[in-house]
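Open the model in your viewer and keep the selection tool at hand.

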Amino acid sequence: MATQQESRTRVSMVDVPVASPGQPSLSAPADAIVCTGVTKDYGEHHGVFDLDLTVHTGEVFGFIGTNGAGKTTTLRLIMDLIRPDHGSINVFGHDVRREGSTVRGWIGYLPGELPQWPGVTAAHVLGLLAGLRGGVEEAWLAGLIDRLRLDVHRPYRELSHGNKQKVGLVAAFMHRPDLLILDEPTLGLDPLMQREVRALIAEAVAAGATCLLSSHVLAEVEVVCDRIGLIRDGRMVRVGTLADLRELRAHRVTAIIPDQPMPADFAAVPGVEEVSVHRDTYACTVRGDITPLLGWLARHGAIELDSRELTLEEVFLAQFRSR
Amino acid sequence: MGIIAWIAGGGLLNLFETYALHTEMADYPGGGEGLAASVRGAAELMRPLRWPADRLDTLGGYLTYHNIMLFQGFLALYATVQGVHAIRELEARGSLDVILTSGRTRLGLLRDRAVGDLASLALIVVGLAITVAASLAFVGEPDTGGALLAMTAVGLCALAAYALGLAIAQWVPSARGAMGTAVVTLITLYVLTNEWENIGPVGVVRFVSPFHWANSSRALVPGVGWSAPAMLVLLAMAVAGVGAAAQALQRRDLGAVPAHRGWIRLRHTHPRIQRAALRHLWSGALLRHRAALMAWVPATAAFALLWTGLQATVVDAWNASAFMKAFLGGSGTSDIGFLYTSYGCDLVAAIVIAYTASLANGWVADLRDGRLESLLATPLTWGGLMRARFAMALIGVGAIVLAWVVTVMVVATVNGVPWDGAGLVRTTVMSLCIGWAGAALAATLVSWTRATAATTGIIVYVVGAYTLGWFVQVLHWPDWLNRLSVFSAFGHPYQAWPDLTSMGLLIVVGLVGSLASVAIADRGGKVAA
């Protein structure tokens with residue numbers, strides 16, 4: 001699996017410069033997005049509540065949560081597509097409500113729910129959105145379309161979900177925005193295209209952009225993001241860097257021990273959790289130093305050993321369950 | 001809500017009209033016969049809009065002519081729209097494939113939708129029938145059986161219209177295009193049925209029109225009565241329409257028409273994506289809705305052709321009608337041909353308002369289908385969006401009025417009938433004014449309700465305003481009531497500019513509505529709830 005650094009150093013397949021020479025550069029402050037005490041209450045515990053979120057300029061921030069946790073609501077609040085009941089939201093130091101039009105000029109946005117565009121081609125949709133933004137380079141736009149292998153001359157209505165997602169992605173990237181806000185960017189894409197989208201994000205960030213993306217696929221976030229925020233029931237429950245979160249990591253170890261020692265002895269080994277024993281098959285989760293477990297297995301004559309690191313997804317799911 | 005609005009609105013209309021007619025027939029010099037004689041000329045003149053007019057000397061005859069046939073036309077139009085929506089709207093929203101993948105068969109879905117819509121229609125028809133019966137009983141001429149049978153024919157006519165909409169929608173790939181095609185087809189059938197005696201061999205088309213068969217069964221009209229064979233024909237038309245729709249739905253791909261072979265050509269070169277026509281929202285939207293506009297423009301031209309072409313046939317009857325002259329607002333010395341063209345120009349207001357109502361429907365769909373979210377995620381503001389919508393509305397209205405004006409000029413010139421250039425200019429200007437006012441009103445309602453209730457609101461207002469005009473005329477209600485009507489504000493621009501108050505009303509509605517629509521929209525979200 002490609003690491004974040006590998007993704008960021010991937011060479012652009014579009015034969016135009018990554019920098020945007022024609023666009024006025026935004027003298028960006030340290031924080032791209034600052035949400036302070038934001039609440040949007042839809043009733044019956046739906047919405048987001050007292051949300052504090054800061055996305056630093058130049059980073060990729062992954063917004064993680066289960067369906068209905070409040071990810072899309074938060075992104076729409078930042079886009080000023082819906083208004084908070086209270087709290088404030090600033091993008092590059094500008095209030096999104098008072099300076100919404102200016103702010104949206106800096107943002108490339110992929111909505112979570114794809115729109116319907118009956119009666120026109122994908123080219124019409126992209127042409128219209130490019131016209132509304134202005135200053136979109138035709139060569140860059142054509143390059144994006146080629147790169148995502150999109151047939152823009154087909155009627156939009158006839159496109160598959162994945163191809164409609166590509167239209168949304170082209171619309172988000174076409175003006176080389178300073179801030180990308182992407183709601184589930186790889187949803188419905190095949191693995192090759194998922195990799196291409198990750199590369200596009202990495203290239204944009206390498207060129208100075210900031211990215212806030214939401215996902216419920218942690219493996220994807222793990223590859224792309226610098227920091228991750230976990231949202232549950234509309235409240236931010238944890239924010240940290242990948243390194244912070246990797247401290248939570250653990251290994252799942254499975255061993256075959258013909259002598260079948262007492263399971264209680266197995267569970268008493270330092271660092272061992274979540275023990276399961278079935279005949280001669282001993283399995284557990286180990287956090288921290290694995291040496292005591294390896295010593296115990298050697299002493300009891302283990303003949304087979306399998307160990308794998310738990311993904312962040314498994315770690316976070318366990319966290320969600322435990323809460 | 002729709003069902004209740006139909007029954008409540010129709011019920012009030014029935015009660016008022018029945019009472020008014022009953023009173024008028026009693027008080028009019030010569031009684032019912034005198035009243036019938038006085039309006040016969042006007043009825044002849046209005047033949048394209050409503051026909052036949054039998055036994056206007058009786059309460060049943062007049063009520064059928066005025067109310068039952070009004071319900072027949074509007075309910076058929078409503079049912080046609082429902083028929084188009086039944087399947088195509090689900091496809092436009094992208095929910096048809098979801099429903100089908102849940103295990104529901106296409107035929108099963110079509111059956112369920114048809115049964116649901118049929119139940120709604122049945123409730124409306126029964127509700128209206130009860131109000132007709134109650135109104136007749138209220139004035140001391142009870143005929144419950146007649147009322148039920150009369151409204152049954154109206155219901156069957158609507159059912160046939162529903163099937164027509166359902167069938168046409170399977171052969172037109174977009175919901176909006178299907179809507180335009182079905183509505184134009186139905187209105188054409190309506191007008192041709194009314195005019196069948198004046199159009200030579202083309203008149204045979206009435207036999208495929210549900211209105212012809214519904215008109216053959218008028219239970220409240222003495223000497224005509226109800227007709228079981230006509231009702232059976234209407235039922236057969238409905239069954240045939242639904243059957244044709246089912247056949248087509250079974251054979252076609254989703255989002256396509258039965259003959260469509262799918263998209264097989266892949267292009268690997270990119271012509272420019274960014275085109276001049278897409279640089280502005282109004283021009284992009286106009287491009288996207290060109291098919292719908294292409295339906296409105298020829299339909300208006302066809303109506304103008306029919307209207308102007310019939311002038312020679314009806315002007316003599318008009319000349320003899322003092323009522324019609326008074327209704328048209330001409331002075332005693334006005335030329336009847338001039339008044340005839342003037343009345344046609346007055347009707348452009350109704351077309352323009354109907355067009356703005358259709359735009360309102362599209363604006364609600366923009367919100368519901370997520371297009372608004374995409375558009376307003378760009379630097380575009382609510383103010384910019386509204387300006388683009390008003391520009392598009394005015395261009396559409398301009399195209400419609402131009403179709404009317406050019407057709408009237410050409411047909412009148414060919415027929416050797418004089419026309420007044422200044423009058424046509426005034427009609428164009430006033431149509432743009434009422435188009436702006438209508439669009440502003442529609443935009444305000446859309447911003448406020450964020451639902452198709454906005455369209456319902458506009459339709460209720462327009463029908464109410466139209467009816468009010470008649471009440472003021474027939475029941476001698478105070479003139480100031482007409483000030484609430486857009487039709488009154490529009491005036492008779494072919495004859496003269498409306499007074500300053502009327503012009504002012506349209507301008508105020510346009511101005512206040514434009515500002516209010518932005519202010520209200522800005523307080524709400526840009527995504528569907």
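**The sheet in chain A**

Select the six strands of the open sheet in chain A: their order is E6-E7-E8-E3-E9-E10, with mixed pairing. Strands here are DSSP runs of at least two residues, helices (H or I) of at least four, numbered from the N terminus. Two strands pair if DSSP finds at least two bridges between them. This is a predicted model, so local features need pLDDT of at least 70 and side-chain atom pairs pLDDT 80 or more, while totals for chains, interfaces and linings use all residues. Residues are numbered from 1 along each chain as its sequence is written, chains are lettered from A in the order written, and side-chain values use heavy atoms, without hydrogens or water.

Go to the edges: strand E6 (107-110) and strand E10 (235-241) of chain A each pair on one side only.

Now select E3 (residues 60-64) and E8 (residues 210-215) of chain A. They run parallel, joined by five bridges. A:Phe61 stands opposite A:Leu212 in E8(A).

**Where chain A meets chain B**

Show both chains. 43 residues of chain A are in contact (heavy atoms within 4.5 Å) with 40 residues of chain B.

Pick A:Arg83 and B:Asp522. They form a salt bridge, with the closest N and O atoms 3.6 Å apart.

Next, colour helices H3 (100-106), H4 (122-133) and H5 (138-147) of chain A. Each gives two or more residues to the side that touches chain B. H4(A) gives the largest share, ten residues.

Definitions and conventions: Salt bridge = Lys/Arg side-chain N within 4 Å of Asp/Glu carboxyl O.
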